[in-house]
Amino acid sequence: MKKVIKYVIIDILRNKIMLAYTAFLLVLSFSIFSLEDNSAKGLLGLLNIILIIVPLVSIVFSTIYVYNSSEFIELLVSQPLKRKTIWMSLFTGLTSSMVLAFIVGVGIPILIYQSDITGMMMMVIGILLSVIFVAIAMLAAVKTRDKAKGIGIAVLLWLYFSLLFDGFVLFLVFQFSDYPVEKLMVAVSMLNPLDLARIMILLKMDISALMGYTGAVFKDFFGTGMGLTLSFSVLVCWTIIPIWFSIRKFKTKDL
Amino acid sequence: MIIANNVSKNFGSLTALNNFSVNCNKGECIALIGPNGSGKTTFIKTILGMVVCDSGFITVNGFNIKNDWQYRSNIGYMPQTGRYPENMTIGQVLEMMQDIRGKKNSNELDEDLINQFEIKSILHKRMRTLSGGTRQKISAALAFLFNPDLLILDEPTAGLDPLSSEILKEKIIEEKKKGKLILITSHILSELDDLVTQVIYMQDGCLCFHKTIEQLKEDTGQTKLAKAIAQVMLNK
């Protein structure tokens with residue numbers, strides 16, 4: 001497995017896009033931190049950008065990469081290697097380069113300007129989001145044979161998680177505003193890794209008061225050690241479940 | 001060495017293999033013949049595990065290919081159209097395959113074809129810049145490189161120049177003498193004449209017959225494989 005991962009990582013690093021992504025994150029983080037006089041405010045600005053850009057780049061790059069390495073996959077499948085090994089190597093290679101880009105691009109500025117618990121939390125969540133969206137991308141790529149369709153699905157999934165889902169939740173809240181739906185909101189937020197990530201960081205920043213009564217319920221739940229553990233486990237599930245389904249599909253895929 | 005038992009495979013509504021059963025033994029050199037779309041390549045890909053069959057089973061060297069993957073270390077496969085990572089050089093591809101197969105020292109490797117095709121002089125070329133024929137040479141060199149007991153060659157001489165295809169044929173005959181099982185598909189029957197010992201004829205995913213070449217010639221009353229097969233096709 002190590003050997004295959006090595007070749008995947010070499011191949012990704014040779015790709016200029018990864019370098020551009022790292023440089024972009026680096027410039028962005030530094031400029032946000034230096035624009036704001038209060039670095040906590042800077043972190044908030046950075047959060048919104050991370051929640052948009054990291055998932056988008058992870059999902060689109062990974063989908064395209066999986067399609068472009070179809071020759072590589074085909075070559076490996078006829079060799080004495082397990083299919084699971086090939087697929088997991090591809091996943092590990094992609095996530096490690098995504099995570100590396102994130103750590104260099106966002107982690108270093110955070111360490112310099114805001115190296116407290118909130119900053120650390122943001123780094124961990126950013127890393128988890130990178131991994132989650134690589135996993136979702138691999139599921140999208142293995143399910144569809146057509147490259148254009150696969151990339152389209154990847155972009156739609158990103159759109160769903162970052163925009164449509166919130167719209168759907170808002171609609172629900174307005175429709176059922178006469179009922180106590182705050183507790184339900186906690187459950188619904190688990191259905192979207194991006195929402196979960198946003199809430200976890202906002203609560204860490206102690207600005208839950210801005211969210212009214214729902215914020216208080218969130219604080220009650222996510223503020224506890226139990227809630228925090230649960231939400232981290234949900235984020236981990238968001239990686240394991242897509243990748244598990246994609247392995248199952250890849251094992252019986254005809255090449 | 002290869003036992004296929006009632007193997008079926010459908011691609012949507014298309015039946016590529018229909019209850020296909022065949023038995024191939026060591027030391028044989030078998031030609032897989034049949035019209036376009038008769039399931040030859042699908043059968044080969046099924047042996048390699050690239051296509052997963054719907055029903056039936058295949059064993060290679062006694063291992064059921066469904067549960068085992070190490071059997072592939074005994075197979076040298078030359079695909080119909082070799083597809084390689086486009087931005088790697090020939091040298092990198094060769095090195096990667098040796099790394100993955102875990103055979104690094106040169107005494108285990110069979111570099112005859114690499115030397116005869118003069119691949120060493122073009123090691124720095126990227127795969128995407130190669131012509132179809134050069135790709136075929138790389139595929140052939142890779143198939144023979146690890147000294148496998150089982151060679152699967154899918155249209156090996158398609159796209160090769162006459163000199164190279166002669167080199168490849170010589171190499172196949174040499175390996176056949178070592179008692180390896182060789183499976184060849186080709187549409188150029190005249191060049192199979194002096195290579196193969198047995199013929200498997202497929203049509204619409206079914207096995208039509210599996211005979212030794214002497215038997216086939218006797219049955220059809222022809223002395224050349226090409227004519228014998230033409231007669232079989234006419235009689236269908």
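Predicted model: local features only at pLDDT ≥ 70, side-chain atom pairs only at ≥ 80, totals over all residues.

Chain A has eleven helices and zero strands, while chain B holds an open sheet of four strands and another open sheet built from six. The two chains touch, with 18 residues of chain A in contact with 19 residues of chain B.

**Chain A overall**

- Reading from the N terminus, the element order of chain A is simply α-α-α-α-α-α-α-α-α-α-α.
- Along its principal axes, the C-alpha atoms of chain A take up a box of roughly 60 × 40 × 30 Å.
- Of the 255 residues in chain A, 38% are buried.
- If you take the contacts in chain A between residues at least 6 apart in sequence, 77% of them link residues at least 24 apart.

**Where the chains meet**

- The contact count is 19 residues on chain B and 18 on chain A.
- On the chain B side that touches chain A, helix α2 (residues 90–101) of chain B is the top contributor, giving four residues.
- That side of chain B splits into ten nonpolar, five charged and four polar residues.

**The four-stranded sheet of chain B**

- The strand order here is β2-β1-β4-β5 (chain B), and the pairing is antiparallel.
- At the edges sit β2 (14–24) and β5 (63–64) of chain B; each has a single partner strand, so one side of each has no neighbour in the sheet.
- Helix α1 (residues 40–48) of chain B packs on this sheet and touches β1, β2 and β4 of chain B, with its direction at about 65° to that of β2(B).
- Five bridges hold the antiparallel pair made by β1 (residues 2–11) and β4 (residues 55–60) of chain B.

**The six-stranded sheet of chain B**

- This open sheet runs β6-β7-β8-β3-β9-β10 (chain B), with mixed pairing.
- Its edge strands, β6 (75–78) and β10 (206–212) of chain B, each pair on one side only.
- Ignoring direction, neighbouring strands in this sheet are turned by 15° against each other on average.
- Strand β9 (residues 198–203) of chain B runs antiparallel to β10(B), and six bridges join them.
- Ile200(B) has His210(B) as its bridge partner in β10(B).
- Helix α1(B) turns up here too: it lies across β3 (29–33), β6, β7 (150–154), β8 (181–185) and β9 of chain B, at about 145° to β7(B).

- Asn19(B) isn't a glycine, yet its phi is positive, at about 45°.
- Asn19(B) sits in strand β2 of chain B, and it counts as partly exposed because it has 14 C-beta neighbours inside 10 Å.
- Asn147(B) also has a positive phi, near 50°, in a residue other than glycine.
- You'll find Asn147(B) in the loop between α4 (132–145) and β7 of chain B; with 14 other C-beta atoms within 10 Å, Asn147(B) is partly exposed.

How values were computed. Residues numbered from 1 in each chain as written. Chains lettered and ligands numbered in written order. Contact = placed C-beta atoms within 7 Å. Helix = DSSP H or I, 4+ residues; strand = E, 2+ residues; numbered from the N terminus. Nonpolar A, V, L, I, M, F, W, Y, C, P; charged D, E, K, R; others polar. Pairing = 2+ DSSP bridges. Axes fitted to C-alpha atoms, helices over the stretch in contact; angles between N-to-C directions. Buried ≥ 20, exposed ≤ 12 C-beta atoms within 10 Å, placed from the backbone.
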